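Dear colleague,

Please find below the structure for your files. My notes on selected residues follow it.

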Amino acid sequence: MTGNDAGRVVVGLDDSVGARAALRYALDEARRRDGTLEVVTAFMSPERLAVLARIPVVAERDDVAAATEAAARAVVDEVLAAERVEHPDRALPRFEVRAVAGDPGPVLADAAAGAALLVLGHRGRGRAATTLLGSVGWWCLRHADCPLTVLPEVPLVPAAAPTP
């Protein structure tokens, strides 16, 4: 690890509850390590979509990347707003948000090269072989060259208080 990567925490982000939990965890880890936070979201390029769907390319890659990054920034802003309310005294680490064309597993494993930690959320949508980890988590476990933390999806509603 280089000096810059020693505290770099990478988190994969989509619009799931699990990804929001992963972002909060990654934020705390970046703080704890006095490092930086790199928020990465993957998207399917218009060229690949056109090939898979057998349709003409209908959007420019830069436009799709910008829209994907804007959506990721909206999620980051939402999580950071909650973080500021809950912990107004905690400073936020430096962070960046990037949208990268490609399959999420390879995109995140590449982004985490040399990082101190890669953090993912689990949505629980995989087949039997990946039920506990998820396909993106499974890919990153096998290919990322840094430690990996996968957080389970947390419930949106707090658990009911036990009845006496």
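A polar contact here is a pair of N or O atoms within 3.5 Å; within protein, one atom must be able to donate a hydrogen and the other to accept it, and residues adjacent in sequence count only if both atoms are side-chain atoms. By that criterion, the side chains of Glu38 and Arg98 are joined by a polar contact of 2.7 Å. The Glu38 side chain also makes a polar contact with the side chain of Arg8, at 2.8 Å.

The model is predicted: local features need pLDDT of at least 70, side-chain atom pairs count only at pLDDT 80 or more, and totals for chains, interfaces and linings use all residues. Residues are numbered from 1 along each chain as its sequence is written, and side-chain values use heavy atoms, with hydrogens and water left out.

Glu38 belongs to strand 2 (residues 36–43); strands are DSSP runs of E of at least two residues, and helices are runs of H or I of at least four, numbered from the N terminus. Glu38 has a relative accessible area of 8% and is therefore buried (buried is under 20%, exposed over 50%, partly exposed in between, with a 1.4 Å probe and protein chains only).

Asp34 lies in the loop between helix 1 (17–32) and strand 2. Its relative accessibility is 74%, so Asp34 counts as exposed. Asp34 is not a glycine, yet has a positive phi of about 55°.

Ile55 is found in the loop between helix 2 (46–53) and helix 3 (61–86). Ile55 counts as partly exposed because its relative accessibility is 38%.

Yours sincerely
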